[in-house]
Every structure is written in C-alpha cells, then in structure tokens.
Amino acid sequence: MVAACETRAVLGLDRVLLVVAGDPWQKRGGVIASAADRLALVGVATDGIAGVEASSVEIDRGEPSVTAGTLEALAGPDRELFLILGSDAVRNMPTWRRLEETRELATLVIVERAGDRHADAPNAGWKVERVVIPRLDISSTDLRDRLAGGRPVDGLVPTAVVRAIQERGLYTRG
C-alpha cells in the first residue's frame, strides 16, 4: 500500500490499480489463496484509500497472467499506463513472456525501498520512473509463515485484512 500511495503521489497519477493475478504461471503450485480470496483481501486493503483500488482484470480474462496482455486490456485512448514494480520484480523481468511488447505498452516505475540495491530496466528502450519508499521490512512470505504458525500479523497489515484472512481461514496449516 505504501508503494501504491507513494507512487500515485510522486507521479501525480489519477489512480493505481492493484492487479490480482488470476493464474500466475510463474508461481504455479505455489499459490496458497484462490484468486477470489486474494482479490477480496486487496479490496479490503484498498477500501477508503483515495485513488488506489483492486482490479480483477487478470482474473476476468481467465487465462495465464501475462503483463503484456493485462496492459493491452487496460489500454485506451488518452490513457497513459504505468507498470509499477518493486526492484525485486524488475530483476525477474527477463523471465517474462512477451517482454518486448510490454516495453511498448507502459512506462516502467521501479519502486525501491530506501537503502536497497538499485535495479535497472531489463534492457534498453524502456521509459523509466523511479520512486523511493520508506524501508519497511515486511515480506509476504514472512506474513504467510507467521499466519501458518499461529503468530499475529496485527500492525503488519491493516486490521480489516487481518479480519478477512481469519474469516476466510486463509494461510493456516491444517
């Protein structure tokens, strides 16, 4: 949420969509919560935050999630698209399908935590913006591990999200 809100403010964006992957092909077998559950959690997390919203565009397409396809679905006349990624995701971009097409569809926004190693676009020709956010050492893997171990995540994620996770029985073992 910090990355979405800070990027919106720094770049003066009208809105930021948090796109929930329907079928994340690079994580097959490793996705714990369903797309519907993940969309619900993002919806709860964004509730009341101006200009930031959950998007089901990839879920609705019903095919493996490929960024170029998502950007094509979001494209429109008089619409400039920005692809907001953390530096870790930027480093993984060379493994993406349709990477060259992706470059033509959006400006790449590289979000870096203060003090992190600088990340660069995967190859030449990208329009790039950079946004630095405060260093918050909270990882999704750690949050899932905490939940599976019965440890609290209060204060690490919004209270409404904690409640939704509990109501849906997500990320627990057994």
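This is a predicted model: local features need pLDDT of at least 70, side-chain atom pairs count only at pLDDT 80 or more; totals for chains, interfaces and linings use all residues.
**Ser-65**

One of its polar atoms lies 3.1 Å from the backbone nitrogen of Gly-22. I then looked for a side-chain partner and found Glu-58, in polar contact with the side chain of Ser-65 at 2.7 Å. I placed Ser-65 in the loop between helix H3 (57-61) and helix H4 (67-74). Is Ser-65 buried or exposed? I read a relative accessible area of 11%, under the 20% cut-off, so I noted Ser-65 as buried.

**Arg-38**

Next I went to helix H2 (residues 35-46), where Arg-38 is found. The relative accessible area of Arg-38 is 17%; this is under 20%, so Arg-38 also goes down as buried. What does the side chain of Arg-38 reach? I found the backbone oxygen of Ala-33, at 3.0 Å. I also checked Arg-38 against Gly-12. They are 26 residues apart in sequence, and their C-alpha atoms are 27 Å apart in space.

**The sheet**

I traced an open sheet of 3 strands, in the order E3-E4-E5, with parallel pairing. Which strands stand at the edges? They are E3 (82-86) and E5 (128-133). Each has a single partner strand, so one side of each has no neighbour in the sheet. From one strand to the next, I noted an average twist of 25°.

I looked at one pairing in detail. E3 and E4 (residues 107-113) run parallel and pair over 5 bridges. Within this pair, Phe-82 stands opposite Thr-107 of E4. I then asked what packs on the sheet, and found helix H1 (residues 2-11). H1 touches E3, E4 and E5, and its direction makes about 125° with that of E5.

In soluble globular proteins, nonpolar side chains tend to be buried together.

Leaving out residues up to four places away in sequence, Met-93 touches Leu-85, Leu-99, Leu-108, Pro-122 and Trp-126.

Ala-33 was already in my notes: its backbone oxygen is the atom that the side chain of Arg-38 reaches.

Conventions. Residues are numbered from 1 along each chain as its sequence is written. Side-chain values use heavy atoms; hydrogens and water are left out. Two strands pair if DSSP finds at least two bridges between them. Helices (H or I, at least four residues) and strands (E, at least two) are DSSP runs, numbered from the N terminus. Axes are lines fitted to C-alpha atoms, for helices over the stretch in contact, and angles run from 0 to 180 degrees between N-to-C directions. Contact means heavy atoms within 4.5 Å. Buried means under 20% relative accessible area, exposed over 50%, partly exposed in between (1.4 Å probe, protein chains only). A polar contact is a pair of N or O atoms within 3.5 Å; within protein, one must be able to donate a hydrogen and the other to accept it, and residues adjacent in sequence count only if both atoms are side-chain atoms.
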